[in-house]
Amino acid sequence: MLDTVRRAQALSGVDKVHAVVGGFHLVRPRTEDDARRTAAEFVKLDSTYIIPMHCTGEVFIAEATRLMPSKMFRSYVGTQLVFDAKA
């Protein structure tokens, strides 16, 4: 997921990431250390919101919530996201 975000930044020329939404697939065969390292990299990304889906895995979600409690948002089936254009 981080590679995808970084590539989008490079192609668009836009550095600020408002939200990263999706399944980060940090479950087996990925390790718990992979999930924790990825959460630490998301801190450096400094996006406004991180919105992982269920296939991201609970280890990442717990670590990202610990590291960035004001940026993490859990979504579920039926969740609707509305972003303010001014943010």
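This section describes helix packing, salt bridges, a surface patch and backbone features in a predicted model.

Two of the helices, α1 (residues 2-12) and α2 (residues 32-45), pack against each other with their axes 11 Å apart and at an angle of about 20°. The two helices are therefore classed as roughly parallel, since angles under 35 degrees fall in that class. The crossing in which α1 passes α2 is left-handed.

R6 pairs with E41, and the closest N and O atoms are 3.0 Å apart. R6 belongs to helix α1 and E41 to helix α2, so that the pair links distant parts of the chain, 35 residues apart. R6 is partly exposed, its relative accessible area being 38%. E41 is likewise partly exposed, at 25%.

Across the whole structure, the search finds nine salt bridges. D33 and R36 are separated by three residues, about one turn of the helix. D33 has a relative accessibility of 47% and so counts as partly exposed. R36, with 35% relative accessibility, also counts as partly exposed.

The side chains of R74 and E58 meet with an N to O distance of 3.0 Å. E58 lies in helix α3, whereas R74 lies in the segment after α3 (58-67), so the pair ties together parts that are 16 residues apart in sequence. R74 counts as partly exposed because its relative accessibility is 33%.

The surface also carries a nonpolar patch, formed by V21, Y49, F73, L81 and F83. Together these residues have about 400 Å² of accessible area. One of them, Y49, is located in strand β2 (residues 49-52). Its relative accessibility of 33% places Y49 in the partly exposed class. This value also meets the requirement for patch residues, which is over 30% relative accessible area.

Backbone geometry was examined in the loops. In the loop between β1 (19-22) and α2, the peptide bond from R28 to P29 is cis, with omega near 15°. P29 is the residue placed in that loop. H25 is also found in the loop between β1 and α2. The phi angle of H25 is near 50°, a positive value in a residue other than glycine. H25 is classed as exposed because its relative accessible area is 51%, and the class begins over 50%.

A positive phi also occurs at D46, where the angle is near 60° and the residue is again other than glycine. D46 lies in the loop between α2 and β2. With a relative accessible area of 41%, D46 is partly exposed.

Note on methods: Residues are numbered from 1 along each chain as its sequence is written. This is a predicted model: local features need pLDDT of at least 70, side-chain atom pairs count only at pLDDT 80 or more; totals for chains, interfaces and linings use all residues. Side-chain values use heavy atoms; hydrogens and water are left out. Patches are made of residues with over 30% relative accessible area and no salt bridge: like charges are joined within 9 Å, nonpolar side chains (Val, Leu, Ile, Met, Phe, Trp, Tyr) within 5 Å. Accessible areas come from the Shrake-Rupley method with a 1.4 Å probe; for residues, only the protein chains shown count as cover. A salt bridge is a side-chain nitrogen of Lys or Arg within 4 Å of a carboxyl oxygen of Asp or Glu. Helices (H or I, at least four residues) and strands (E, at least two) are DSSP runs, numbered from the N terminus. Buried means under 20% relative accessible area, exposed over 50%, partly exposed in between (1.4 Å probe, protein chains only). Axes are lines fitted to C-alpha atoms, for helices over the stretch in contact, and angles run from 0 to 180 degrees between N-to-C directions. Angles under 35 degrees count as roughly parallel, over 145 as roughly antiparallel, 65 to 115 as roughly perpendicular and the rest as oblique. A crossing is left-handed if the near helix is turned anticlockwise from the far one by less than a right angle, and right-handed if clockwise.
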